[in-house]
Amino acid sequence: MNSGREYEVALILGDGIGPEISGAAVAVLEATGVSIRWREFAAGEAARQCHGHPLPAATLAAVRTIGVALKGPLLAPKQTGRLVVRHGDADVTYPSVNNALRRELEVFANVRPIRSFPGVPTPFPSLDVVIVREVTEDTYIGWEEMKGPDEAWAIKRITRQASERIFRFAFEYARARGRRKVTAGHKANVLNLTDGLFLASGRDVAVAFPEVPFDDCMIDALCLRLVKQPDTLDVLVLPNQYGDILTDLCAGIAGSLGLAPGANIGARVAFFEASHGAAPDIVGQGIANPIALILSGAMLLGHLGEAAAERRIWEAVARVLREGRHLTPDLGGHARTTDVTRAIIAALGRAEGVTGSA
Ligand code: NAI
């Protein structure tokens, strides 16, 4: 049952396969019956060509005002790989357009639920984890410099404030969603100070959530556990760089990057995007898997309070994957993006109950 409200949602189509999969996600969200007024804004290559900048100030301002966005993937800037955003007289430099978007919109938690689906070939059919990645600091702050021609340094920044905030978010998420436990990933035996502070913050926050079991695991051992005993893991809280890497690992063992959705959550703004990139190698072929962005859209509906519509989309996706007749090539099938989208919309009409989601 939908609330009957009309929501305003910003839409960034994205680069590469972005427009193909964004169209699919919009069609599926609309098919749930939730009323959404889409407001499209430019970012990425399209924005660079039309407005001379991949992240126009007008786009940032509009997304801040609207507060919720669905976003396709964006290409990294070609020449420098870095991006400059002007604040009055000062320039702020970011390592990529996505990094700039997250930090300019002050989102701090990147939430990526990744699970195996019956019907998708994987040696790990019991995988069901949620990666909660801190996205404001760690090595991705972009503080790198050359120390002479043959030596380069990068700064890893970890603060108690950001670490406690991400752990609080993860525990609240686990409690609200009935998840089994929270595990912190780190390398505190080597990075005693930075990862040590991250872990200590997790332990401090865990005290306030005695009903949610908490443990921790070295990042290398965590990778091993993911491929040996994935069912011992549930919500994983990770600093920025490990979170980035583990997402692709988890998506790969679940069957495809095309199955990994994501949310970027801040105090005032939340935007929803697939974990994968713009996939330039398959752009324009009509074979991109739209499921990760469709599930990101489902998370968006959950964020708006439309939990029933969110569950129906997960259920419909699970049904289409289980039936196995409409799989894109990344999943071993021959279906096109539009075939999968149509099948999910058809399954929405038949979806009942809950098969699990984030
Ligand atoms: P990628 O995720 O775009 O592609 C990696 C591989 O996965 C490719 O073989 C691609 O064809 C495949 N793939 C990805 N999504 C797929 C989908 N939905 N269906 C079927 N196959 C899919 O990663 P890559 O090649 O490293 O990055 C390409 C560009 O995307 C870069 O400019 C990168 O900076 C950007 N990127 C953007 C992200 C974002 O906007 N959040 C995230 C990651 C990368």
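Is Phe 214 buried, partly exposed or exposed? At 23% relative accessibility, Phe 214 counts as partly exposed (buried is under 20% relative accessible area, exposed is over 50% and partly exposed is in between, using a 1.4 Å probe and protein chains only).

Before we dig in, note that this is a predicted model, where local features need pLDDT of at least 70, side-chain atom pairs count only at pLDDT 80 or more, and totals for chains, interfaces and linings use all residues. Residues are numbered from 1 along each chain as its sequence is written, and side-chain values use heavy atoms, with hydrogens and water left out.

**Aromatic rings**

- There are seven aromatic pairs in the structure (rings of Phe, Tyr and Trp, the last by its six-membered ring, pair if their centres lie within 6.5 Å; planes under 30 degrees apart are stacked, over 60 edge-to-face and the rest tilted).
- One of them joins Phe 108 and Phe 169 edge-to-face, at 5.9 Å centre to centre and with 90° between the planes.
- Phe 108 lies in strand β6 (residues 107-115) and Phe 169 in helix α5 (residues 160-177), so this pair ties together parts that are 61 residues apart in sequence (helices, H or I with at least four residues, and strands, E with at least two, are DSSP runs numbered from the N terminus).
- Phe 171 and Phe 214 make a tilted pair, 5.6 Å centre to centre with 50° between the planes.
- Here Phe 171 sits in helix α5 and Phe 214 in strand β11 (residues 214-218), so the pair links parts that are 43 residues apart in sequence.

**A closer look at Phe 169**

- Phe 169 is buried, with a relative accessible area of 16%.
- Skipping residues up to four places away in sequence, Phe 169 touches Phe 108, Ala 109, Val 111, Val 132 and Ile 265 (contact means heavy atoms within 4.5 Å).
- Phe 169 and Val 237 are 68 residues apart in sequence, and their C-alpha atoms are 9.6 Å apart in space.

**Charges over rings**

- The charged end of Arg 115 sits over the ring of Phe 117, 4.3 Å from its centre (this needs NZ of Lys or CZ of Arg within 6 Å of the ring centre and within 35 degrees of the ring normal).
- Lys 147 lies over the face of Trp 153, at 4.5 Å from the ring centre.

**Helix α11 and its partners**

- Helix α1 (residues 18-31) and α11 pack at an angle of about 10°, with their axes 10 Å apart (axes are lines fitted to C-alpha atoms, for helices over the stretch in contact, and angles run from 0 to 180 degrees between N-to-C directions).
- That makes α1 roughly parallel to α11 (angles under 35 degrees are roughly parallel, over 145 roughly antiparallel, 65 to 115 roughly perpendicular and the rest oblique).
- Val 340 is in helix α11 (residues 337-350) and is buried, with a relative accessible area of 1%.
- Leaving aside neighbours within four places in sequence, Val 340 is in contact with Pro 290, Ile 291, His 326, Thr 328 and Ala 335.

**Positive phi in loops**

- Asp 138 has a positive phi of about 75° although it is not a glycine.
- Asp 138 lies in the loop between β7 (128-134) and β8 (144-146), and at 1% relative accessibility Asp 138 counts as buried.
- Ala 279, in the loop between β14 (270-272) and α9 (291-303), has a positive phi near 45°.
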